[in-house]
Amino acid sequence: MFFLTPGGEIVSVNKSFAAMHGYSIAEILKMNLKDLDTSESNRLFPERMQRILAGENLTFEVDHHLKNGQLFPLEVTANLVTVSGKKYILAAHRDITGRKQAAQHVTDALNFNQTMLRASPVGIVVFKAAGPCISANEVIEQIIGGPREEVLKQNFRQLESWKNSGLLAAAEAALATQTERKLETQMLTTFGRKVWCSCRLAPFQYEGEPHLLLLISDITERKRTEMALQESRQMLRSVLDTIPVRAFWKDTEGRYLGCNQPFAGDAGFDSPEALIGKNDHDMGWKDQADLYRADDQQVITSGIPKL
C-alpha cells in the first residue's frame, strides 16, 4: 500500500510494497510511479488519474518493474483521499503472478485440447448425460454430412438415428454402468447420409456432472470392402460346391484349411468347416495318411503338381 500525489510522486509506502519491488522504503520514497510502471501504464496514467480525481474507485491490472528490471503483474485498487486539505491517491497493490500463471496454464491446456480436436481424424463429440451436445470437432461434419453448428444443437436422446442404429442403447448402457461401450453400426444420419460407423462411448465426470464422450469414425469404405470380399468368397464357395470334382487345400503341415462340399461328404462330414484343422490321420483313409503326406511334401518341395 502507498500514497502518491496526483503527479505520481510516492510520498508514503509500507514495507510490503517496497519489498515486493525489491527496494528499501528509502529508495521507493525517492521515486515517481512512472519509474515502476511500464510505458503502457504510463500512457494510461493521465486518464486513470482523471477518473480517480473525479471520485471514481478504480481496480485494474498493471505490470511493474522490479529493481532487477524484471516485470511482474499486479492488481491495483486506487481511490482519492484528502489529508490536511491536500489530495492524495491511496493505492493497494496485490501480486497476481500466481493467478496469471494459473490462467496461462488453463489457456495452454485449452489451446492444446483445441489443437487435438482440430487435428484428430476421428469425430469427437461431448454430450451431457441428459442429452444436449456441448462440444464437437469439425471432422464430425464429414462423417454425418451436416454442419457442426447443427450438431451442437442436438440432444442424442431425441435422435432417431441413435435409436434405430443401437447407438442410444449403447450410450445408456455406458452411462448406467460407467464403463466404455464400443460398437460398429450403420446409421442414416439426421442429415440424410447413410454411413457405417465405428463408435466408442465413454462416460466421464466434468464439473461434478455426468457427461458422455463419443469417438466416431467413418468405416463405410472398409465395410464395403469386407462385403465385397464376403460376396467373392460366397461366389467361390458356390463354384467349388457345384463343380463335379473334389477339391481341398492344406497348409504346409498337412492340416486341412478348407474343401468343397463334395469332398466333405466323401470324408463323412456334414460341411467343409468340419474338416478345418484336421489332417489325413483324422480321416477314414488314415491307413494311407503317410503316403498322402509324402505326396504333399513332394509337391511342396518340387513345386510340380502331381495327379
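Valine 126 stands opposite serine 135, a residue of strand β7. Strand β6, residues 123–128, and strand β7, residues 133–136, run antiparallel and are joined by 3 bridges. Two strands are taken to pair if DSSP finds at least two bridges between them. Strands here are DSSP runs of E with at least two residues, helices are runs of H or I with at least four, and both are numbered from the N terminus. β6 and β7 form a hairpin with 4 residues between them, and in the turn glycine 131 has a positive phi of about 130°.

A word on the basis of these values. This is a predicted model, in which local features need pLDDT of at least 70 and side-chain atom pairs count only at pLDDT 80 or more, while totals for chains, interfaces and linings use all residues. Residues are numbered from 1 along each chain as its sequence is written, and side-chain values use heavy atoms, with hydrogens and water left out.

I turn next to the nonpolar cores. A nonpolar core is a set of buried Ala, Val, Leu, Ile, Met, Phe, Trp, Tyr and Cys residues joined through side-chain atoms within 4.5 Å. Buried means under 20% relative accessible area, exposed means over 50%, and partly exposed lies in between, with a 1.4 Å probe and protein chains only. The largest such core has 28 residues, and Val125, Phe156, Trp162, Leu201 and Leu214 have the most contacts inside it. At least two residues of this core come from each of β6, β7, α6 (139–144), α9, β8, β9 (194–206) and β10 (209–218). The largest share, 6 residues, is supplied by α9.

Which residues does tryptophan 162 touch, leaving aside those up to four places away in sequence? They are Phe127, Phe156, Leu167, Leu168, Ala171, Leu201 and Leu214, where contact means heavy atoms within 4.5 Å. Apart from this core lies another, of 25 residues, including Phe17, Ala18, Tyr23 and Val62.

Two loop residues deserve mention. Most residues other than glycine have a negative phi. Serine 84, however, has a positive phi of about 55° although it is not a glycine. Serine 84 is placed in the loop between β4 (71–83) and β5 (86–95), and is exposed, with a relative accessible area of 76%. Glutamine 178, also not a glycine, has a positive phi of about 55°. Glutamine 178 lies in the loop between α9 (167–177) and β8 (181–188), and is partly exposed, at 43% relative accessible area.

Finally, helix α10, residues 220–242, contains alanine 228. Is alanine 228 buried or partly exposed? Alanine 228 is partly exposed, with a relative accessible area of 41%.
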